[in-house]
Amino acid sequence: TTVTIPAYMRYARAEVSLARIAADRAVFSGTVLIDSTTQPIAGAQVVLPDLGRAAVTSETGTFRLTDVPAGAHRVMVRHLGFSPVETELSFGSAQRVVRTIYMDRVTVLDSVRVVAEAIDRPLASFEDHRRVGLGHFFDRAEMAKLEGRTMSAALENMAGIRLAHGRGTQSWVVSSRGHQSLTGRELRQGDDADVRNGARLDCYARVYLDGMRVYAGREGEPLFNVNTIHPEELEAVEYYADAAQTPGEYSDLDTTCGVLVLWTRRR
């Protein structure tokens, strides 16, 4: 006898399984500060390169990465104008790892060498996508015209993009085509801090920074405040409004809400 399991029961079992996996994952959070001071660094990238995961620090220098598998993982922290920090940390099952990370200022940068290494990598992908003609794009020349503005103000000049604004300088990219799903499964509100900062239930775009996911649309995951990045720090920007436009390397997740791809400069 063949028994057919209803679709809703299969989805329920899958959600329970995913919930159990998430409960076993670690959470990595902390603060990035200048030298040995208490001055926070906003917009620093905290990267787990082996996992292809990243977070960007808030205005108060804080970051949070959820769903980290147990084990030893390499951690990189970088920001324009500071010496990068690299170490290895061990994460236990369901462990909360909290660290304060100090970065040293760089007084002299070998700008020619660093730019030559960095620009070719993102631009090869960026130009390929722009030639296809799907999505919306800003290159360095267009970003240069927007320097001195907030990132949210700069993005509002990009066709097809929509932003939701919270308290203070909080701004998030949301679906420019509205909520399209019948289930509402992709609607999120961020974490508790986002809710306090005015985030509402909405369809928030996935965000990639230098090829690393910094917002994947998971329940309770911190939203990506675009104003932690400045136009002068970026080499290029890509935005895809829905899954039909999104290139394959960014479409492994549910991209109904759109995808924002940011490429930073190296000076």
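Residues are called buried when their relative accessible area is under 20%, exposed when it is over 50%, and partly exposed in between (1.4 Å probe, protein chains only). The model described here is predicted, with local features needing pLDDT of at least 70 and side-chain atom pairs pLDDT 80 or more, while totals for chains, interfaces and linings use all residues. Numbering starts from 1 along each chain as its sequence is written, and side-chain values use heavy atoms, leaving out hydrogens and water.

The chain contains five helices and 14 strands, taken as DSSP runs (helices H or I, at least four residues; strands E, at least two) and numbered from the N terminus. Of its 267 residues, 43% are buried. Among contacts (heavy atoms within 4.5 Å) with a separation of 6 or more, 62% join residues 24 or more positions apart.

Six aromatic pairs occur in the structure; rings of Phe, Tyr and Trp (its six-membered ring) pair if their centres lie within 6.5 Å, and planes under 30 degrees apart count as stacked, over 60 as edge-to-face and the rest as tilted. F28 and F91 are edge-to-face, because their ring centres are 5.5 Å apart and their planes meet at 75°. Since F28 belongs to strand β1 (residues 26–34) and F91 to strand β6 (residues 85–91), this pair ties together parts 63 residues apart in sequence. Both F28 and F91 are buried, and together with F63 they form one aromatic cluster.

W172 and Y204 make another edge-to-face pair, with 6.3 Å between centres and 90° between planes. W172 is buried at 1% relative accessible area, and Y204 is buried at 3%.
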